[in-house]
Amino acid sequence: MPMTTGPTLDLAVLVGLQASGKSTFYEQHLFGRYEQVSKDLFPRAARRRQERQMRLVGEALSAGRSVAVDNTNPSTEEWEPLVSVGRAHRATVTAYWFPPDLEGSLLRNATRQGRDRVPDVGIHVTANRLCRPSLADGFDAVMEVRFDGRGGFRVRPLSDAVGDQISGGTADERAGRAASGG
């Protein structure tokens with residue numbers, strides 16, 4: 001077998017509510033090793049934001065640079081194309097799960113100014129869609145990220161392969177319940 005040299009290419013998918021610490025985590029733990037792709041950094045009038053994100057992720061991976069996708073990424077609808085592009089570039093794909101703290105996110109968001117502040121309804125909508133990523137979603141690893149109470153983060157691997165949503169079940173289970181009227 002041929003030996004692999006050089007750093008491993010990785011696609012980090014950050015998953016969590018707005019104002020849950022994703023961008024701060026990126027700055028403290030991934031900056032310098034990962035290129036950040038975030039729809040928050042696109043011009044407000046930018047069109048086709050999803051297409052632009054996927055193009056930027058693909059370009060970085062093609063150039064041999066690891067990428068961190070710093071968006072809410074609340075469900076498989078957002079993860080699937082990212083996992084696919086990561087696989088197409090032979091990158092490992094790691095989910096960084098920020099368990100929901102709706103009250104904390106709303107409080108942190110309230111301190112934001114201007115464009116950085118998200119309407120509260122947006123956080124509630126994301127909370128209703130938010131699913132915990134799992135190995136079954138195609139990720140090579142799922143890491144749980146929590147505030148450590150000292151301005152940093154605790155990161156630990158989640159080894160189970162079962163995802164859930166804060167109102168119960170995986171995204172597929174929720175879709176099945178919705179289709180059946182339950």
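Mentor: Two strands pair if DSSP finds at least two bridges between them; strands (E, at least two residues) and helices (H or I, at least four residues) are DSSP runs, numbered from the N terminus. This is a predicted model, in which local features need pLDDT of at least 70 and side-chain atom pairs count only at pLDDT 80 or more, while totals for chains, interfaces and linings use all residues. Residues are numbered from 1 along each chain as its sequence is written, and side-chain values use heavy atoms, with hydrogens and water left out.

Trainee: Which residue in the turn of the hairpin formed by β5 and β6 has a positive phi?

Mentor: β5 (residues 141-147) and β6 (residues 153-158) run antiparallel and are joined by 6 bridges. F147 stands opposite F153 in β6. Between the two strands of this hairpin are 5 residues, and the one in the turn with a positive phi, about 85 degrees, is G149.

Trainee: What pattern does the chain follow, read along the sequence?

Mentor: The chain contains 6 helices and 6 strands. Read along the sequence, their pattern is β-α-β-α-β-α-β-α-α-β-β-α.

Trainee: Of the 182 residues of the chain, what percentage count as buried?

Mentor: Buried means under 20% relative accessible area, exposed means over 50%, and partly exposed lies in between (1.4 Å probe, protein chains only). By that criterion, the share of the 182 residues counted as buried is 43%.

Trainee: Which residues have the most contacts inside the largest nonpolar core?

Mentor: A nonpolar core is a set of buried Ala, Val, Leu, Ile, Met, Phe, Trp, Tyr and Cys residues joined through side-chain atoms within 4.5 Å. In soluble globular proteins, nonpolar side chains tend to be buried together. The largest such core here has 26 residues, and those with the most contacts inside it are L11, V13, V57, L61, V67, L82 and F139.

Trainee: Which elements each supply at least two residues of this core, and how many residues does the other core have?

Mentor: At least two residues each come from β1 (10-15), α2 (49-62), β3 (67-70), α3 (76-88) and β4 (92-97). Apart from this core lies another, with L14, Y26, M143 and V145 among its members, and its residues number 12.

Trainee: Which residues does V13 touch, not counting residues up to four places away in sequence?

Mentor: Contact means heavy atoms within 4.5 Å. With residues up to four places away in sequence not counted, V13 touches V69, N73, W79, L82, V93, T94, A95, Y96 and F139.

Trainee: Why do the buried residues of α3 lie on the same side of the helix?

Mentor: In α3, the buried residues are E78, W79, L82, V83, V85 and G86. The arc (that of the directions from the helix axis to the C-beta atoms) places them on the same side of α3 because they cover only 165 degrees.

Trainee: Which exposed residues does the face of α3 turned away from its buried side carry?

Mentor: What covers the buried residues of α3 includes β1, α2, β3, β4 and α5 (120-129). The face turned away from that buried side carries the exposed residues E77, E80 and A88.

Trainee: Which residue with a positive phi follows α2?

Mentor: The buried residues of α2 are Q53, M54, V57, G58, A60 and L61. Elements covering them include β1, β2, β3 and α3, whereas the face turned away carries the exposed residues E51 and S62. After α2 comes a residue whose phi is positive, near 85 degrees, namely G64.

Trainee: To which residue's backbone oxygen does the side chain of S38 reach?

Mentor: S38 is found in the loop between β2 (35-37) and α2, and it counts as buried at 3% relative accessibility. Its side chain reaches, at 3.0 Å, the backbone oxygen of D70.

Trainee: How far does the backbone nitrogen of D10 lie from a polar atom of the side chain of S66?

Mentor: S66 is found in the loop between α2 and β3 and counts as buried at 11% relative accessibility. From a polar atom of the S66 side chain to the backbone nitrogen of D10 is 2.9 Å.

Trainee: What relative accessible area does N73 have?

Mentor: N73 is found in the loop between β3 and α3. Although not a glycine, N73 has a positive phi of about 40 degrees. N73 is buried, and its relative accessible area is 4%.

Terms used: A polar contact is a pair of N or O atoms within 3.5 Å; within protein, one must be able to donate a hydrogen and the other to accept it, and residues adjacent in sequence count only if both atoms are side-chain atoms.
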